[in-house]
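Let's take a walk through this one, pockets and metal sites included. Have the viewer open and follow along.

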Amino acid sequence: MSEHTYESMHRFLRESRGSAVGRPCVAPGCDRPATGWGLIGRPTTIDAYGGDLVRFSKRPEDYAPLCSRHNSQRDGGGNWLLCPHGHVRTIWGATVKGYCRGCDRMRKRKPRATITEPPGAHAGNHAHSGTDTNTERRPS
Ligand SMILES: [Zn+2]
Ligand SMILES: [Zn+2]
């Protein structure tokens with residue numbers, strides 16, 4: 001019985017199923033050519049590869065042709081529909097590197113920055129707008 005590492009698993013895939021490069025990406029609605037075999041199933045193993053920890057599966061059926069964007073998208077976790085933080089992918093989209101735009105925005109946002117509230121979040125809208133310094137009290 002062969003114990004696959006991350007590297008040997010990908011070699012095995014190429015040898016048994018041929019190269020995935022140039023095949024259509026299996027992600028729904030994606031028409032980009034694949035750049036290699038990507039994990040679409042659940043990872044079963046964690047291995048050290050190139051100084052990084054990689055999650056991979058030893059089951060060949062867990063792999064399918066993926067374009068570079070969807071490959072890194074899957075590496076980040078989540079599923080086709082939602083990113084690991086629950087952003088709907090078709091709404092948020094992805095950065096050039098394949099990361100969720102919603103998460104990207106969360107990362108860039110400062111922790112204490114103002115939270116954009118959806119319209120109607122306030123029960124009673126303030127009649128006047130402008131600089132709202134409501135917590136400031138004038139000394140009497
Ligand atoms: Zn794709
Ligand atoms: Zn996200």
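What volume does the second largest pocket have? About 300 Å³, where a volume is the space filled by probe spheres set on grid points joined across faces, edges and corners. A pocket here comes from a 1 Å grid over the protein atoms alone: an open set of points where a 1.4 Å probe fits, with protein on both sides within 12 Å along at least five of seven lines, and lining residues have an atom within 4 Å of a point.

Before going on, some ground rules. This is a predicted model, so local features need pLDDT of at least 70 and side-chain atom pairs count only at pLDDT 80 or more, while totals for chains, interfaces and linings use all residues. Residues are numbered from 1 along each chain as its sequence is written, chains are lettered from A and ligands numbered from 1 in the order in which they are written, and side-chain values use heavy atoms, with hydrogens and water left out.

Back to that second largest pocket. Its lining has 14 residues, and Pro-28, His-70, Gln-73, Arg-89 and Thr-90 lie nearest the centre. Helix 2 gives the largest share, three residues, and helix 3 also supplies at least two. (Helices are DSSP runs of H or I, at least four residues, and strands are runs of E, at least two, numbered from the N terminus.) By class, the lining splits into five nonpolar, five polar and four charged residues; Ala, Val, Leu, Ile, Met, Phe, Trp, Tyr, Cys and Pro count as nonpolar, Asp, Glu, Lys and Arg as charged, and the others, Gly among them, as polar.

Leaving aside residues up to four places away in sequence, His-70 touches Cys-25, Ala-27, Cys-30 and Trp-80, a contact being heavy atoms within 4.5 Å.

Through ND1 it is a donor to the zinc ion (ligand 1), alongside the SG atoms of Cys-25, Cys-30 and Cys-67, at 1.9 to 2.4 Å. Donors are N, O and S atoms within 2.8 Å of the metal (3.2 Å for Na, K and Ca), and water is not among the atoms, so sites may look incomplete. The sequence spacing is C-x4-C-x36-C-x2-H. The donor angles run from 102 to 113 degrees, so the arrangement is tetrahedral; for four donors, that label needs all angles between 85 and 135 degrees.

Now for the zinc ion (ligand 2). Its donors are Cys-83 (SG), His-87 (ND1), Cys-100 (SG) and Cys-103 (SG), at 1.9 to 2.3 Å. With angles of 102 to 117 degrees, this arrangement is tetrahedral as well. Because Cys-83 lies in the loop between helix 2 (68-75) and helix 3 (89-92), and Cys-100 in the loop between helix 3 and helix 4 (101-108), the pair ties together parts 17 residues apart in sequence. Cys-83 is buried at 3% relative accessible area, and Cys-100 is buried at 8%. Helix 4 has Gly-102, Cys-103 and Asp-104 buried, and its buried residues pack against helix 3.

Last stop: the largest pocket, with about 450 Å³ of space. Its lining has 23 residues, with Tyr-6, Leu-39, Arg-55, Asn-71 and Asp-75 nearest the centre. Helix 1 contributes the largest share, five residues.

How values were computed
Tetrahedral: all angles 85-135°; square planar, octahedral: opposite > 155°, others 65-115°. Buried < 20%, exposed > 50% of the residue type's maximum accessible area, 1.4 Å probe, protein only.
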